[in-house]
Amino acid sequence: MQRRTFLKQSTLAMASSALPLSASSFSIDTKPKYKMGLQLFTIRDAMEKDPIGSLQTVRKLGYEDLEIYGYDGEKDTYYGYKTSDFGKILEDHDLTTSSGHYGLMNFFDKPETELLRYVDQCIEGATQLKQDYITWPWLDPKFRNKEGFKKLVDKLNRIGERVNKAGLGFAYHNHGFEFGDLGGTNGYEIVVEGTDPSLVKLQIDLYWVMHSSKKTPMEIIASQPDRFVMWHIKDMDKVTRDYSELGNGSIDYIAMLPRLDKSGLRYYYLEQGGNFAQNSIQSISDSAAFFKKQLQRFL
């Protein structure tokens with residue numbers, strides 16, 4: 001009897017082990033490591049018409065963190081609201097902002113005193129909003145040459161030093177123009193090699209790397225992984241190579257994201273600069289749905 005009982009129990013145990021594990025069989029923490037971020041420039045038309053209503057929609061779609069733009073240093077305003085008031089609006093909608101694209105490029109050829117005055121204004125605004133990074137977002141076409149990029153390097157180091165002393169981080173955001181040939185080098189190499197890694201971090205735009213660089217995002221990030229603290233994630237139209245909603249384009253993020261070195265990553269932002277299938281709000285809705293279903297598991 002004991003042998004029969006033992007064999008019966010062993011058989012049942014073996015059979016049960018072959019069955020698929022149910023969700024209740026074990027517990028795995030599947031909470032994403034990073035907040036789902038949005039670059040608000042994507043919905044600049046909606047933000048201009050109805051900032052608060054737009055932010056309500058953004059939060060309902062699942063976005064938690066924002067990269068903002070359009071700070072007015074003289075008026076100390078974002079989207080027409082005083083910094084303190086805008087911060088309260090974000091808090092009321094359970095949103096944070098970790099970075100901002102600030103108009104530093106507008107002072108590129110102006111006296112350093114004017115640039116540093118604006119930098120100090122940005123520091124004040126970013127500090128009030130509890131941002132971690134002030135980001136340089138653009139370079140005027142007339143400065144996109146060797147001398148212009150070398151001048152940019154000096155400014156980035158100078159600003160980075162000032163911003164870091166204030167307790168914030170400073171980063172440079174790329175587009176596609178940095179990857180154009182400049183006699184055996186390019187603007188991106190000049191910026192990365194010429195800036196101090198301790199003062200100037202990097203915000204990589206994955207779309208623009210795929211669009212214009214000879215190197216892959218994996219190769220670029222692997223060269224100095226600790227510097228790439230922020231990513232912009234957006235897709236590329238399969239025909240025109242313009243922007244597209246996530247999942248509609250040609251960039252295989254399902255294959256890419258697991259392969260990117262995330263050792264330096266702190267924030268990412270979904271973005272679409274234009275070319276909306278319907279409108280900007282519908283696009284951030286479609287991209288959020290695709291991201292949550294297919295990509296968020298990697299982040």
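**Figure 1. The largest cavity and its lining in the predicted model.** Helix α11 (residues 280-295) supplies the largest share of the lining of the largest cavity, namely three residues, in a structure that is a predicted model. The volume of the largest cavity is about 70 Å³, and 14 residues line this cavity, those closest to its centre being L270, E271, Q272, S283 and S287. When the whole structure is searched, one cavity of 30 Å³ or more is found.

Figure 2. Three bridges pair β6 in the parallel sense with strand β5, which covers residues 96-101, and the bridge partner of H101 in β6 is T135. Between these two strands the chain passes through helix α5 (residues 112-128), and this β-α-β crossover from β5 to β6 is right-handed. Strand β7 (residues 169-173) also runs parallel to β6, to which four bridges join it, and here W136 stands opposite Y172 of β7. A right-handed β-α-β unit is likewise made by β6, helix α6 (residues 146-165) and β7.

**Figure 3. The buried and exposed sides of helix α4.** In helix α4, which covers residues 83-92, the buried residues are T83, F86, I89 and L90. Viewed down the axis of α4, these buried residues fall within an arc of 115 degrees, and therefore they line one face of the helix. E91 and D92, by contrast, are exposed on the other side of α4. The cover over the buried residues of α4 includes helices α3 (51-60) and α5, together with strands β2 (65-69), β3 (77-78), β4 (81-82) and β5. After α4 comes D94, which has a positive phi, near 55 degrees.

**Figure 4. The largest pocket and the elements that line it.** The largest pocket holds about 410 Å³ of space. Its lining is formed by 20 residues, of which F179, N186, Y188, E189 and K215 are the closest to its centre. Helices α7 (187-194) and α9 (217-223) are the elements that each give two or more residues to this lining, and α7 gives the most, with four residues.

**Figure 5. The chain as a whole, as context for the close-up views.** The chain contains 11 helices and 12 strands, and buried residues account for 49% of its 299 residues. Of the contacts in the chain between residues at least 6 apart in sequence, 77% join residues that are at least 24 apart.

Technical notes: Residues numbered from 1 in each chain as written. Predicted model: local features only at pLDDT ≥ 70, side-chain atom pairs only at ≥ 80, totals over all residues. Heavy atoms only, no water. Pairing = 2+ DSSP bridges. Right-handed = clockwise from strand over helix to strand, strands pointing away. Buried < 20%, exposed > 50% of the residue type's maximum accessible area, 1.4 Å probe, protein only. Arc of directions from axis to C-beta. Contact = heavy atoms within 4.5 Å. 1 Å grid on protein atoms, 1.4 Å probe; cavity = no way out; pocket = protein on both sides within 12 Å on 5 of 7 lines; lining within 4 Å. Points joined across faces, edges and corners; volume = space filled by probe spheres on them.
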